[in-house]
Amino acid sequence: MQQIIDAVRAGAGAEDFLALPVPESYRGAAVLREETDMFEGLETREKDPAKSLHTIDVATPEPGPGEVLLAVMASAINYNTVWSAIFEPLPTFTFLDRYARSSPEAARHAQPYHVLGSDVAGVVLRTGPGVRNWKPGDRVVAHCLSVELESADGHDDTMLDPEQRIWGFETNFGGLAELTLVKSNQLMPKPAHLTWEEAASSGLVNSTAYRQLVSRNGASLKQGDVVLIWGAGGGLGSYATQLALNGGAVPVCVVSDPRKAELVRAMGAELVIDRAAEGYRFWKDPQTPDPREWKRFGGRIRELTGGEDPDIVLEHPGRETFGASVFVTRRGGTVVTCASTSGFRHEYDNRYLWMSLKRIVGSHFANYREAWEANRLITKAMVHPTLSTVYPLEATGEATRAVHRNEHSGKVGVLCLAPQEGLGVTDPETRERHLPEINRFRTPVG
């Protein structure tokens with residue numbers, strides 16, 4: 001591994017990387033099949049990812065047709081890492097076993113371990129047969145859509161392919177590791193002005209927010225739209241806020257504490273609701289929603305916007321907030337939803353949807369074109385990473401626990417082969433121009 005690290009730091013070319021031996025094994029952050037019942041009987045909030053995630057040695061897979069083996073310099077934590085680590089809504093080994101049955105080539109994904117991680121920044125180490133656009137030594141990031149495209153269903157929008165999977169969640173050999181296996185059509189150029197850990201932090205959430213808000217497959221955001229963004233100081237919301245501002249929209253940012261309120265204001269958002277400080281409780285008890293709180297929340301939005309309701313609501317908390325989201329959306333507006341981090345079973349009053357001609361749009365990650373366009377905005381420094389803190393690979397469990405407990409702002413990064421933070425920048429001039437924005441989530445407020 002040290003030879004790989006040295007070659008990366010030296011800026012070695014394709015021939016140099018091809019001359020390096022591929023390690024027979026590598027370290028990865030993984031959950032174990034034999035431990036899938038370890039949290040049985042516990043409430044979701046009581047389940048601790050630091051107990052289920054282990055740093056283990058993994059045999060190095062050989063890239064097959066259309067695949068690429070990457071040396072991982074850095075990765076990041078997403079909420080699918082949390083779900084995987086607490087085995088909700090079901091153990092991910094179910095996904096791996098299903099994938100393994102789909103073809104002989106996929107059989108290797110069914111293992112007694114699952115290496116997690118759906119973000120990566122790194123260097124191409126080896127390419128499989130048929131890979132033409134990428135070569136060893138290329139500095140890349142990867143989006144997390146793994147797709148087969150043997151069905152006609154996916155050829156208008158690859159997210160509709162029946163064999164679409166999220167890499168590192170529904171496939172093995174994910175990005176929270178020293179090496180990882182991806183398909184070549186997951187790769188995108190690494191933004192040259194960013195460090196490894198910064199570049200690794202944007203792929204999943206920025207692409208997801210782009211599809212939800214900007215794409216015709218989502219809400220088709222336009223100038224002047226009022227956009228309600230839940231969790232605007234978190235991973236997905238911090239990118240959604242930037243995309244809304246870039247597109248000439250008016251974000252109404254919902255946050256959970258004063259620190260996150262200051263962060264979204266620093267991004268340029270003027271309309272901010274600290275839901276904890278204002279005491280919104282959308283449920284009277286676990287089974288009974290409180291429409292009076294929906295109305296109070298809607299009234300607060302109108303106070304901020306001068307009487308306007310949201311054209312678009314970016315929904316990802318799910319059960320806790322969904323009834324309020326449907327209620328506050330303007331007549332003819334759109335609730336675009338993914339993730340459901342507070343629960344998958346949503347409840348809302350259909351009268352406010354049906355009689356006001358509102359729409360609910362389901363949105364799941366992004367297709368390659370959407371992910372490429374989202375990454376282009378990062379590369380052009382029009383959208384900036386929202387990295388707040390970085391952990392070593394061995395502490396992936398602690399990093400995931402912090403996300404599970406909502407103790408973080410923006411994105412939480414993980415160093416893999418990168419020996420320290422701050423490496424990987426090849427365009428220092430662009431970086432210098434945008435350094436305050438790049439460091440926004442890492443700089444104390446006040």
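Author: Two residues are in contact here when they have heavy atoms within 4.5 Å of each other. The model is a predicted one, and the account below should be read accordingly.

The pair consists of helix α4, residues 79–86, and helix α14, residues 396–404. Two packed helices are described by the angle between their axes and the distance between the axes. For α4 and α14 the angle is about 105°, and the axes lie 9 Å apart. Angles of 65 to 115 degrees count as roughly perpendicular, and α4 and α14 are therefore roughly perpendicular to each other. On the α4 side, the residues that meet α14 are Y79, T81, V82, A85 and I86. Their counterparts in α14 are T400, V403 and H404. By class, this contact comprises 5 nonpolar and 3 polar residues, with no charged residues.

Helix α14 also holds T396. With a relative accessible area of 2%, T396 is buried, because buried means under 20%. Apart from neighbours within four places in sequence, T396 is in contact with A29, L53, I77, L176 and V414.

S340 is placed in the loop between β17 (334–337) and α12 (350–354). Its relative accessible area is 9%, so S340 is buried.

Y239 lies in helix α8, which spans residues 235–246. Y239 has 0% relative accessibility and therefore counts as buried. Residues up to four places away in sequence again being left out, Y239 touches S201, S202, V205, N206, A209, I378, V383, H384, P385, T386 and K411. The C-alpha atoms of Y239 and T208 are separated by 9.1 Å, although these residues are 31 residues apart along the chain.

Empty space remains to be described. Rolling a probe the size of a water molecule over the atoms shows where such space is left. The second largest pocket contains about 590 Å³ of space. Its lining is made up of 24 residues, and P65, G66, V147, E148 and K183 are those nearest the centre of the pocket. By class, the lining of this pocket has 7 nonpolar, 9 polar and 8 charged residues.

Notes:
Residues numbered from 1 in each chain as written. Predicted model: local features only at pLDDT ≥ 70, side-chain atom pairs only at ≥ 80, totals over all residues. Heavy atoms only, no water. 1 Å grid on protein atoms, 1.4 Å probe; cavity = no way out; pocket = protein on both sides within 12 Å on 5 of 7 lines; lining within 4 Å. Points joined across faces, edges and corners; volume = space filled by probe spheres on them. Nonpolar A, V, L, I, M, F, W, Y, C, P; charged D, E, K, R; others polar. Axes fitted to C-alpha atoms, helices over the stretch in contact; angles between N-to-C directions. Helix = DSSP H or I, 4+ residues; strand = E, 2+ residues; numbered from the N terminus. Parallel < 35°, antiparallel > 145°, perpendicular 65-115°, else oblique. Buried < 20%, exposed > 50% of the residue type's maximum accessible area, 1.4 Å probe, protein only.
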